[in-house]
Amino acid sequence: MSNTPKIAFWILLLLSITALLGWLNASYALASGLIVGWFANNRYQPIESSSLSKWASLLLKVAIVILGFSLPVTELLATAKTGFGLTVAVIVGTLLIGLLLGKAFKLNNEIAWLISSGTAICGGSAIAAVGTSIKASANNMALCLAIVFILNAVALFLYPIIGHWLELSQLQFGLWAAIGIHDTSSVVGAASQYGEQALNVATTTKLSRALWIIPVALLAAFIATKKATENQKAKVTIPWFIVLFIAASFISNFLPMDTMRPIIQFVAKSLFALSLLWMGASLNKANILSISRKAFLLGIILWLLISTLGLTLVYWYY
């Protein structure tokens, strides 16, 4: 058993090289990471699992910014406009239903806010931002991240299968993935399997949805600290990677897209696969087994709700 972390490290290193070379797609990357993380009990040498998770998150942000160089701002604005109304309706509806169900299930208020915002906006990033703003406990944040991550893993495999079965167009699938899947990494992973246009639509729509992190975090902080003392003021994390993505999109207008776009997208996809591999490897048995049934049920209900509603609207109106 003492050699397990060492063996896991070498397996993870080999898989990481495979992902960077483009030989490991998003689904297989995540599945491989989950298997390594489960059997290695979330420990590696010389990398700590917590550090691996942080590096995976950073890598994801870098990949998103790089992808921005392949999306001229005109395409960015057109795509964001297409799904704007649907995005707003999903966010507001999911938050309201999630908070109401949280009360009905008699869940901790922090958990209800974290799962609802994570489902409504962008998974782990929203949980981190809202959790910081309401001063949520580390245990509650870890629990909600585990729930979102498991549902992301299911969506990453299931969405492309359903999309092909229903013969969704590239636009339809891109919009549906951006609406129904929590984390940007899994949105991009699912869309990249479906096609280039689906990837562009999904990324742009998802990032426009992620901008809602700031107002939702402020709202959560206001409600949570309404009766608190002055030294418990809200603290909101600004998603700077979204700002950089938009800046990259502006710069792309001056790049030779015919030659640069394939290279940029290959690099971005490889980094997305690598980030998913590391994210999966950072999740262990303890994270999964610590999930309460009511919290997991809330996460499943909200995810099924936005997945079904989003698919219905996209299928009939787009």
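**Terms and values**

Guide: W23 is exposed, with a relative accessible area of 66%. This is a predicted model, where local features need pLDDT of at least 70, side-chain atom pairs count only at pLDDT 80 or more, and totals for chains, interfaces and linings use all residues. Residues are numbered from 1 along each chain as its sequence is written, and side-chain values use heavy atoms, with hydrogens and water left out.

Visitor: Why is W23 called exposed?

Guide: Exposed means over 50% relative accessible area, buried under 20%, and partly exposed in between (1.4 Å probe, protein chains only). W23 has 66%, so the word exposed applies. W23 sits in the loop between α1 (4-20) and α2 (26-39).

Visitor: What makes K106 exposed?

Guide: The relative accessible area of K106 is 74%, and K106 lies in the loop between α5 (84-104) and α6 (109-133). K106 also has a positive phi of about 55°, although it is not a glycine.

Visitor: How do you know that E167 is exposed?

Guide: E167 has a relative accessible area of 70%, so E167 counts as exposed. E167 is in the loop between α7 (138-165) and α8, and its phi, near 55°, is positive in a residue other than glycine.

Visitor: Why are α8 and α15 called roughly antiparallel?

Guide: Helix α8 (residues 170-180) and helix α15 (residues 293-317) pack at an angle of about 160°, with their axes 9 Å apart. Angles over 145 degrees count as roughly antiparallel, so α8 is roughly antiparallel to α15.

Methods. Helices (H or I, at least four residues) and strands (E, at least two) are DSSP runs, numbered from the N terminus. Axes are lines fitted to C-alpha atoms, for helices over the stretch in contact, and angles run from 0 to 180 degrees between N-to-C directions. Angles under 35 degrees count as roughly parallel, over 145 as roughly antiparallel, 65 to 115 as roughly perpendicular and the rest as oblique.
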